[in-house]
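Dear colleague,

Please find below the structure that I am handing over to you. My findings follow directly after it.

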Amino acid sequence: MEYLKTGKDQNEVLADDNAVKSVVEGILADIGVRGDTAVRELSARFDKYSPESFRLDDADIERAMSKVTKGDLDDIRFAQEQVRNFARRQRDSIRDLEVETLPGVFLGHRNIPVNAVGCYIPGGKYPMVASAHMSIVTAKVAGVKRVIACAPPFGGEPHPAIIAAMHLAGVDEIYVLGGVQAIGAMALGTETLAPVDMIVGPGNAYVAEAKRQLYGRVGIDLFAGPTETLVIADETVDAEICATDLLGQAEHGPTSPAILLTTSHALARETMAEVERQLSVLPTADIARVAWENYGQVIVCETQQEMVSVADRLAFEHVQVMTADPNFFLENMTNYGALFLGPRTNVAYGDKVIGTNHTLPTKQAARYTGGLWVGKFLKTCTYQRIETDEASALVGDYCSRLCRLEGFIGHSEQANIRVRRYGKSGSV
């Protein structure tokens, strides 16, 4: 394995920022004490936005949607239908279960939707319209009863396309509210905003830290970090497409790693040159260049299997595979947020429209979790039922002895009373 280009150590991307932690902690404490008053002051301070109500009514929504072209609305509807279709298929694959494990003993589980979910839609440098599809549509397909959404103002007013996407996705409440104040209001509740049970959606470092601090009080989707992209390629593709796919994700932010992993020295060197050429014309080069220079890497491996090993060690969010046999990586890789197999697809398709979810694990979290999907909004809850006296007494005998083994005499008596009542001998 050879590194033709190296970047900063990933630990620098993952390093905790104590200043961010402190700021977020203070904001959340303030919201917890002062509710709406704190939220209003924070919105005025950070977003220069302080309307009479942060929640949009029907007239506000209609006004925002009137500013979106028919073509854009049609595109949003198309994207949401792709997300909805795939989420429905995923939901159909999740089954409730009941089995008779012993005569008269029934065990089962039910998949129960979370009751209330808050979706955060970023709107800072880039208004993330697609995040509305990924969170709201998926939660609704899961059966969540109350789905609310927050997005920051854009240019001092609600962003029309984001509002349109939220509304078309089927959201129940829309709030023009951004940053930590939005996350805190949804999780903690205020006088005018009832709290939710779970918060999902990407955001900046402050939003991510707010979700981290609130985790446990509410559920969350993921601990998000900078966007990551890994391009795995061989001589079957060219430098132009590799460079395009690297820079297409590097533009997310100056700390977004973009790595080329290849078995071809020629492709590696040509891609590095092509990246420089594209950076000279790319409108977002001011961001993408910093990301590429600081966190971009080019790694040349000897074999496909070595590329799998390196890719699994990196455990990146997005993995674009453009090789003679992309399915080799589908069959052998274990750590990734999402795979994009073959040159005909790409990460942008997944980000915006194809139907898979774009909220994915970063910071090597792909070692132990996948991304946001319909199952994240479901609680798999177990139950048990015993229908015969004989079964209750049988299980009770074992349970009583096991409880005494651990010293739990009260537990043991829970079993004993049933053995006495339902057992034939009544000897316990």
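Helices α5 (70-93), α6 (129-142), α10 and α15 (347-352) each contribute at least two residues to the lining of the second largest pocket. The model is predicted: local features need pLDDT of at least 70, side-chain atom pairs count only at pLDDT 80 or more, and totals for chains, interfaces and linings use all residues. Residues are numbered from 1 along each chain as its sequence is written, and side-chain values use heavy atoms, with hydrogens and water left out.

On a 1 Å grid over the protein atoms alone, a pocket is an open set of points with protein on both sides within 12 Å along at least five of seven lines, whereas a cavity is a set where a 1.4 Å probe fits but cannot get out; lining residues have an atom within 4 Å of a point. Grid points are joined across faces, edges and corners, and a volume is the space filled by probe spheres set on the points. Helices (H or I, at least four residues) and strands (E, at least two) are DSSP runs, numbered from the N terminus.

The second largest pocket has a volume of about 560 Å³. It is lined by 28 residues, of which Gly-248, Glu-251, Ala-348, Asp-351 and Lys-352 are the closest to its centre. Helix α10 provides the largest share of this lining, five residues. By type, the lining comprises 14 nonpolar, eight polar and six charged residues. Here Ala, Val, Leu, Ile, Met, Phe, Trp, Tyr, Cys and Pro count as nonpolar, Asp, Glu, Lys and Arg as charged, and the others, Gly among them, as polar.

Helix α10 spans residues 239-250 and includes Ala-239. Beyond its neighbours within four places in sequence, Ala-239 is in contact (heavy atoms within 4.5 Å) with Leu-267, Glu-270, Thr-271 and Glu-274.

The structure also holds one cavity of 30 Å³ or more. The lining of the largest cavity consists of Ala-151, Pro-152, Pro-158, His-159, Ile-162, Ile-163, Tyr-175 and Val-176. Seven of the lining residues are nonpolar, one is polar and none is charged.

For the chain as a whole, there are 17 helices and 14 strands, and buried residues make up 50% of its 428 residues. Its C-alpha atoms fill a box of roughly 85 × 60 × 45 Å, taken along the principal axes.

Yours sincerely

Conventions: Buried < 20%, exposed > 50% of the residue type's maximum accessible area, 1.4 Å probe, protein only.
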